[in-house]
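This report covers a helix pair, a pocket and a loop residue. The sequence and model are shown first.

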Amino acid sequence: MATFLQQLINGISQGSAYALIALGYTMVYGVLRLINFAHGDVYMFGAYMGFYLANNKWIQSNVGTSTAGAVVVMVGAMALSAGLGIVIERFAYRPGRSGARFTLAFWLGIVGAGIGHLVHPSLISLAIGALGGILVGVILEQTGLRPVRQNSRLSLLIIAIGVSLVLENGGQQVFGVDPKFFPQIISTTLWHVGELTIDSQKVIVLAVSILLMLLLNLFVKYTRTGKAMRAVSFNLDAARLMGINTDRIIALTFAIGSALAAAGGILVSLLYPKIDPLMGIMPGLKAFVAAVLGGIGNITGAMLGGLIVGMAEVMAVGYGQSTYRDAIAFIILILILLLKPAGIMGKGVVEKV
Amino acid sequence: MPKTMLELKIVSSSYGAIEALKGVSLRIEQGEIVTLIGANGAGKSTTLRSITGLVPPVSGDILFEGQRLNALPTHKIVALGISMAPEGRAIFANLTVAENLELGAYLQPDAAQNERQMDRVITLFPRLAERWRQQGGTLSGGEQQMLAIGRALMSRPRLLLLDEPSLGLAPLLVHTIFAAIDAINKEGTTILLVEQNANAALKHSHRAYVLETGSIVMEGPSQQLANDPRVREAYLGEK
């Protein structure tokens, strides 16, 4: 029983971190009907921003490493990541949506370079891949084939993969390939309750996650901008007709989603302090599963999905095989797609004819 | 001499390779109800969507009180005083009736003014008050149409565009909606009405245009068109 309660605590705290990341997927999907596959990399970016802020001499000397310092690190990293989210939306997705010339060609070039480098890790194959991608992109843009029209979902998906590659490889260049160790911005206390050992870090992860989700819910439910956000996610054209500047709402959605992912990145780094530029891939995919499980586009669903995925993962490790740790999320994905593709809270989509 | 409120000059619009409007020209004077009738796919909705910038025109000019709308995004066009109740109502099903109306006044900062406008909408459609805290998606078709028109009125538009407001409604509700259209117009709002119910539309409008496959084929005072043998045969179901 004690072990079970222990695992429960671990699962809830892991799950609330996934929930924070899942919120970004689901909110962006809500307004753009797009899976932002670069979202896991924003989570990584957030963790690195936290790392650099926490190691910043000025911040250390002015706020110390107390709670105030931790708050500054957290809020600062969230703000910087929100900025990254806005940049991604503005310079990758918005040109893609409006069908700006050469957007698809540019990002296909980057995806091509990535594939080229994967096939054979040399500069030449990278260049060949890039050129091939650009060529295909230009041909598609010029002929305007229906399935790959500039503003189609397929081209947005290609852009998403391109952005993700840029962030991962850019991260390796800027932050270095070797892992770094996230500083303890809040000291750990162990509480002993009966047979249970409760790690204060886990409580903090849970508390901060709940606080952020609560704030998000209040924002979306009661503010004018939050209502506009719900309107945009329900019907883009109808929202425009209300006089809502939908581009601005979409940018804001990216900013909020990115800030939440950054918070997730820092919270997870409190528990597992090893950070590296590819650290976002796996949590990103798992949070995506969480968003689908909860019903993509549904904010409450994303929170619930995150908790379930985190809990399932911790329980699988605790009571099953720890090697299944990463597999469990994908088993959930397969099950949900087979049994209830719209997700737990999602409604079936009625295609309009 | 009446003042021209909206003018379309040889406007063409397309969805990808499909040309939906082929050089449409029309004008609406201040204070009028003008109706646009035609078969399915004639381009009626596209005309409204072009005016509001949802489908930016490929060529031609759209002028609202002399200002060119072509290059403006929808939210700026709405800010100029044009409002639209779109086809299929497009109610925000996950928002309450009150929230739907609030969003209609998204660009209006004056809370007291909005409050008064909300009262006006309720006077027009008392049914909405009974559904106040209900989610938009739970409303009946007729109530949703009332909400769509009420929401469009919340921005206090000078020009109101209505896309098929009677579509799918029982005869009694059609009557209610058209009575409301008359009332809105009497209070000073100019209206462009798109309808497949040509009979009612011609009865409740001053002038009419007939649209066929993206072009205007006939125009004139509504009463005159209602008596035109070609209109009677093609749109009023008479032989």
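Contact, as used below, means heavy atoms within 4.5 Å. The model is predicted, so local features need pLDDT of at least 70 and side-chain atom pairs pLDDT 80 or more, whereas totals for chains, interfaces and linings use all residues. Residues are numbered from 1 along each chain as its sequence is written, chains are lettered from A and ligands numbered from 1 in the order written, and side-chain values use heavy atoms, without hydrogens or water.

## Loop residue A:N298

A:N298 belongs to the loop between α12 and α13 (299-319) of chain A. Apart from neighbours within four places in sequence, A:N298 is in contact with A:T26 and A:M345. A polar atom of the A:N298 side chain lies 2.8 Å from the backbone nitrogen of A:G301.

## Helices α8 and α9

In chain A, helix α8 (residues 200-222) packs against helix α9 (residues 224-234) at an angle of about 80°, with the axes 5 Å apart. The two helices, α8(A) and α9(A), are therefore roughly perpendicular (65 to 115 degrees). On the α8(A) side the contact involves A:F219, A:V220, A:K221 and A:Y222, and on the α9(A) side its residues include A:R224 and A:M229.

## Second largest pocket

The second largest pocket has a volume of about 420 Å³. A pocket is an open set of points on a 1 Å grid over the protein atoms alone, where a 1.4 Å probe fits, with protein on both sides within 12 Å along at least five of seven lines; lining residues have an atom within 4 Å of a point.

Of its 17 lining residues, A:V268, A:Y272, A:M279, A:P283 and A:R325 lie nearest the centre of the second largest pocket. The largest share of this lining, three residues, comes from α12(A).

Methods:
Axes are lines fitted to C-alpha atoms, for helices over the stretch in contact, and angles run from 0 to 180 degrees between N-to-C directions. Helices (H or I, at least four residues) and strands (E, at least two) are DSSP runs, numbered from the N terminus. Angles under 35 degrees count as roughly parallel, over 145 as roughly antiparallel, 65 to 115 as roughly perpendicular and the rest as oblique. Grid points are joined across faces, edges and corners, and a volume is the space filled by probe spheres set on the points. A polar contact is a pair of N or O atoms within 3.5 Å; within protein, one must be able to donate a hydrogen and the other to accept it, and residues adjacent in sequence count only if both atoms are side-chain atoms.
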